[in-house]
Structures are given as C-alpha cells and as structure tokens.
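Hello,

Here is the structure you will be working with. Please have a look at it first, and then read the notes below.

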Amino acid sequence: MQVALDTVWDWLGEVPDPEIPVISLTDLGIIRDVAWDRETLIVTVTPTYSGCPATTLINLEIETALRERGVEHIRLERQLSPAWTTDWISAEGREKLKAYGIAPPVDGTAADGKTVALASRLLGQGNLVIECPRCGSTKTEKVSQFGSTPCKAAYRCKSCLEPFDYFKCI
Amino acid sequence: MTVAFTTLDPAVYADWLMRLGDNTLILGHRLSEWCGHSPVLEEDIAMANTALDLLGQTQLWLGLAGEVEGKGRTADNLAYLRDASRFRNVLLLERPNGDFGQTLMRQFLFDAFHLELLKSLQTSSDPRVVEIAGKAIKEVAYHLERSADLVIRLGDGNGESHGRMQSALDDLWPYVGELFVSDDVDKAVADAGIGPDPADMKAAWRQTVDEVLRAATLSVPGEGYVHKGGKRGVHTEHLGYILAEMQFLQRAYPGATW
C-alpha cells in the first residue's frame, strides 16, 4: 500500500538526528526526496559532511522508522549534488538548536579559503559575530575551528563565560 | 548502470582517480596518528575532524576509481589491499608528522593546492567528478582557513614557534614541487577535459602561499631539488609503515567486518 508522501515526510520529521537529537532529519535538510516506485519507497538522503560517521546510523534510523510504520520495501539513495548546505536547516530547526545550546549557522558566511586568514591578519581574530545561545551576548570568541562533531566549531562567551558549540556554515 | 563519459583509457583514468583518493587517504591517516597526542585538546579535535573529512572524500574518490576501473574493486579493496608501489599519493603527504609545526605546515601547503584542484574540478567533463569535488571543496575551504590561520599565528608568534614553522617550511619545500609536475596520466586526463594540468595550478597556489607566509613572517625557500615519484608509485620507506598499520587487519583477517 502506498502511504501519502506528506505522511512519509511527517514520519521522517519525527526521526531525530543521532548527534543532535533535538532536531529531526527534515529540520537538518538532509532528506532530499521521497517517492514511490511501485511498492518501494525511495528516500533520497544527502550527507552533511562526506566523512560524517553518523551517515550509516541515519540510514538505519530512517529504515527502522519506516518499517515500524508498516512500510515493507524501502530503498535509500545517496545524492551528493547539490551538496548539502546549512542554508537547508529549517527555521524551526535553528530555533531548536539555539534552545539546545548550539548557536545556529550564520548564513552566507561559509568558508571560501580566504576570509579567515585575511580577517585574522587584519583583526587578530575571525570575522564572524556569533551570538551566545545561552545569554544572547555577541561578545564571543572562537576557541577552535572544529568542535565536538565535524559540523560544529567551538566558541566561548566572554559575557557569561560559558563555552558553546557553533553550527558552522557550509 | 555505467555510462562512459569519456574515451579515456579506464586504466589511466582510474590511476588518476587513485592519485586523488590516495592523497586524501594518506594525509587523513597521518592526521589520525595525532589523535590523543595533540598539544591541545582543540587541535586534537580539529585534526581528527579534518582526517574524517579526508577519509570521507577518499571513499568517494576511490569508489569512483573502482567503478571506472571496472574490475569490481571497492574503495575498501583499494585502500586495504594494494601494495605500496600501487599507491599514487605525493611524497609530501607520507612525510612523518614531525612536530605540530611540521604537521601544520604540510597541511597548509597541501590545503592550498587541494582547494585549487577542487576549484578546477568543478568544470570537469565527468559529472561524477564534479559532484564529488562540489562536496569536497566546502570542507577543504574550511581546512585551508584553519591551517592558514594557524600558520600565521605560529609563524608570527614567538621565537620558538617562528623557528619551528620556518624549519618545517624549509624541510617540506623540496616536496611541494611534485604537486605541479605533469606526466602522461595528467596530460591524458587534461586532454579529456576531466582534470587540470597540474602545472596550470601553480601560480594560484603560489599566490595563496606567498600571501599567508608573508603574513606569517616566514621566508619562502628558493627553488631547488624536487623530490618526486609518489604519483607513479615510487615511494619513500615511510609509506610502507603507514600501510603496515592501516592494512594489517584486512591482510591478517581478509574480509573481516564488525
């Protein structure tokens, strides 16, 4: 039986991201398409980072969630292009990230291989103004380009002194 | 479904793709050797994450190499079951890690090249290459921002850090030339419109490198002897030790999974 695709999207919207369980796979924007091919449900997924170790787990969770809801034939397809961008994280997803203590990505600030080197030379620091997800202060500083997962950078708030993760823009 | 995008000899094409995949594999492996040993926790995490990006890219490049070759070899087969003389990475990337300064300088010199390479692969005649390069370039732009930033901080840091960065640059400089040496494989791939002639990327690379090294108050060594051979499988002894560690499990227990 072919379940309505809107329903499938709703189901996938209930599957949490394994690394950041407060947001769902659809909030993250990695589900690119859902379609029926006769009796088989095809879910097209794009990886966030090419080496993201959560990819296998995400696929398993999609399959489990759909099976639990009675879908018997499932095919997962990987789509590389267009490459995933943090622009695809939903507005709702961004609010959830912030409430969870992760500063959401600042759109349009993806690395181009030049800006930070230039900025660090001119200003002695990075060029991004990241708001502390806890106290809202913009007096924050980058501690490290990379954080606890490939998709995050480590920051520190100079007002409330708490460290936090920033979901870096790509 | 296999679509032939080119009349290029599959063996030559696969050889070239292995150069891409072996570069990311070997550098990724070297970086992962730092895991748990970095000077500070943040750098430990940064190097592990960079390694992870590179290994992800390796899966894509070696996966495509296996597909193009058409002999049923997977990315894992290629990574774990080839001998050193079949590896196509440049010698720069198999250099031992040395101190943190040497690891970082090698990373910067390669990142600057890697970004130029991926930029030019955006216009490859093979859409599969365009897809992978489009994914990888976002990650590599980020790698370059980190490595350039740190090279500047440490080069323009205190006497100790400046001295270490300068000696790292002097040690590694004879190995960068290989990145831009073109051979028959490169020429065939360039003729097919799949990839750039490496020599054409040198000016742009040099511009980035000069800009960052100037800001880092480091002096660029003069042109001298160029160590090369990795691209055609003639490696230093260091690669054998890397492979011994990396391939042990699959060699001792063929097909093992967990």
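**Helix H7 of chain B**

In H7(B), the buried residues include Arg164(B), Met165(B), Ala168(B), Leu169(B), Tyr175(B) and Val176(B). Buried here means that 20 or more other C-beta atoms lie within 10 Å of the residue's own; exposed means 12 or fewer, partly exposed is in between, and C-beta atoms are placed from the backbone. Helices (H or I, at least four residues) and strands (E, at least two) are DSSP runs, numbered from the N terminus.

Before going further, two points on conventions. This is a predicted model, in which local features need pLDDT of at least 70 and side-chain atom pairs count only at pLDDT 80 or more, while totals for chains, interfaces and linings use all residues. Residues are numbered from 1 along each chain as its sequence is written, and chains are lettered from A and ligands numbered from 1 in the order in which they are written.

Contact means that the C-beta atoms of two residues, placed from the backbone, lie within 7 Å. H7(B) itself covers residues 159–176, which is 18 residues, and its first and last C-alpha atoms are 25 Å apart, close to the 26 Å expected at 1.5 Å a residue. The expected span is 1.5 Å times one less than the number of residues.

Where does H7(B) have a kink? The kink lies at Asp170(B), is about 30°, and comes shortly before the proline Pro174(B). The bend at a residue is the angle between axes fitted to the seven residues ending there and the seven starting there.

**The rest of chain B**

Chain B has 10 helices and zero strands. Its radius of gyration is 18 Å, close to the 18 Å that the globule rule gives for 258 residues, so chain B is as compact as a globular protein of that length. The radius is taken over C-alpha atoms, and the rule is 2.2 Å times the number of residues to the power 0.38. The C-alpha trace of chain B spans about 55 × 40 × 30 Å along its principal axes. Of the 258 residues in chain B, 47% are buried.

Helix H1 of chain B (residues 10–32) has 23 residues and reaches 32 Å from first C-alpha to last, close to the expected 33 Å. In H1(B), 19 of the 23 residues are buried, so this helix is largely enclosed by the rest of the structure.

Thr217(B) is in the loop between helix H9 (202–215) and helix H10 (237–252) of chain B. Its phi is near 55°, a positive value in a residue other than glycine. Most residues other than glycine have a negative phi, and most peptide bonds are trans. Thr217(B) is partly exposed, with 13 other C-beta atoms within 10 Å.

**Chain A**

Chain A has five helices and seven strands. Of its 170 residues, 34% count as buried. Its C-alpha trace spans about 60 × 30 × 25 Å along the principal axes.

Chain A is divided into domain 1 (5–78) and domain 2 (89–167), with bounds that come from an automatic or database domain assignment. The centres of these domains of chain A, taken over C-alpha atoms, are 28 Å apart. In chain A, 11 residues of domain 1 are in contact with 11 residues of domain 2.

Two spots in the backbone of chain A are listed here. Arg38(A), in the loop between strand S1 (31–37) and strand S2 (40–45), has a positive phi of about 55° although it is not a glycine. Is Arg38(A) buried or exposed? Arg38(A) is exposed, with 7 other C-beta atoms within 10 Å. The peptide bond from Ser81(A) to Pro82(A) is cis, with omega near -5°. Pro82(A) sits in the loop between strand S3 (73–78) and helix H4 (91–100) of chain A.

**Where the chains meet**

The contact takes 25 residues from chain A and 28 residues from chain B. On the chain A side, the elements giving two or more residues are helix H5 (115–123) and strand S5 (140–144). H5(A) gives the largest share, five residues. The chain A side divides into 14 nonpolar, nine polar and two charged residues. Ala, Val, Leu, Ile, Met, Phe, Trp, Tyr, Cys and Pro count as nonpolar, Asp, Glu, Lys and Arg as charged, and the others, Gly among them, as polar.

Regards
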